[in-house]
Amino acid sequence: MEFILEFFREFREQSQDLPDWVNMWMNFMFFVYATGLLFIFHKWGARFAVGMILFLNVPASAFVTDLTGNIDWIAAVHLVLWPPVLYYLLTRDVFGPDAKPRSFYGVWAVVMSATIAISLAFDFWDTIRLILGTK
């Protein structure tokens, strides 16, 4: 548990050194993810996304940061954990046969999917740079 608290301290400290646009993007992501809480009692996609953040992404990111000593490696964690959520949302809640993209939840599912996809592109690029030793 202590390593998760240390992860949050490290994350907060390092995010102060990031460019403003990166912090704005992270704030936007937090807003989109938090909005998923509105739907967790009746939508599986929201349960999957919020559950991923709370029960897998945060602990795995904290573990990898503790293991490597480098918070940048959370990008690799995202590349493993988030594609299944994106796939689920796209195939069921955005383009699925029962999708209702004009509903409040449908709009959230589209925005969440786009947010995950854009974030994964950033994470892919960051992971490549980490592997090559240029970051």
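Is Val94 buried or exposed? At 11% relative accessibility, Val94 counts as buried, where buried means under 20% relative accessible area, exposed over 50% and partly exposed in between, with a 1.4 Å probe and protein chains only. Before going further, please note that this is a predicted model, in which local features need pLDDT of at least 70, side-chain atom pairs count only at pLDDT 80 or more, and totals for chains, interfaces and linings use all residues. Residues are numbered from 1 along each chain as its sequence is written, and side-chain values use heavy atoms, with hydrogens and water left out.

**Around Val94**

Val94 has its place in helix H4; helices (H or I, at least four residues) are DSSP runs, numbered from the N terminus. Leaving aside neighbours within four places in sequence, Val94 is in contact with Leu89, Ala99, Ala109, Val110 and Ser113, contact meaning heavy atoms within 4.5 Å. Val107 is 13 residues from Val94 along the chain, and their C-alpha atoms are separated by 8.6 Å.

**The pairing of H3 and H4**

Helix H3 (residues 44-68) packs with helix H4 (residues 74-94) at an angle of about 175 degrees, and their axes are 9 Å apart. That makes H3 roughly antiparallel to H4, a term for angles over 145 degrees. Axes here are lines fitted to C-alpha atoms, for helices over the stretch in contact, and angles run from 0 to 180 degrees between N-to-C directions. On the H3 side, the residues making the contact include Trp44, Phe48, Met52, Leu56 and Ser61; on the H4 side, Ile74, Val77, His78, Trp82 and Tyr88 are among them. The contact residues divide into 16 nonpolar, five polar and one charged. In this scheme Ala, Val, Leu, Ile, Met, Phe, Trp, Tyr, Cys and Pro count as nonpolar, Asp, Glu, Lys and Arg as charged, and the others, Gly among them, as polar.

Ser61, in helix H3, is buried, with a relative accessible area of 1%.

Helix H1 (residues 2-15) has 14 residues and reaches 20 Å from its first C-alpha to its last, close to the 20 Å expected at 1.5 Å a residue; the expected span is 1.5 Å times one less than the number of residues. Ile4, Phe7 and Ser15 of H1 are buried. They cover an arc of only 50 degrees around the axis, which puts them on the same side of H1; the arc is that of the directions from the helix axis to the C-beta atoms. The buried residues of H1 pack against helix H2 (20-35), H3 and H4, whereas Glu2, Arg12 and Glu13 on the other side are exposed. Ser15 is in contact with Asn23 and Met26, leaving aside its neighbours within four places in sequence.

**Accessibility and chain separations**

| Residue | Relative accessibility | Class |
|---|---|---|
| Ser15 | 11% | buried |
| Lys43 | 30% | partly exposed |
| Val94 | 11% | buried |

Lys43 sits in the loop between H2 and H3. Between Lys43 and Leu67 there are 35 Å in space, C-alpha to C-alpha, and the two are 24 residues apart in sequence.

Trp25 lies in helix H2 and touches Thr115, Ile118, Ser119 and Phe122, not counting residues up to four places away in sequence. The C-alpha atoms of Trp25 and Glu10 are separated by 18 Å, with the residues 15 apart along the chain.

Terms used: Helices (H or I, at least four residues) and strands (E, at least two) are DSSP runs, numbered from the N terminus. Angles under 35 degrees count as roughly parallel, over 145 as roughly antiparallel, 65 to 115 as roughly perpendicular and the rest as oblique.
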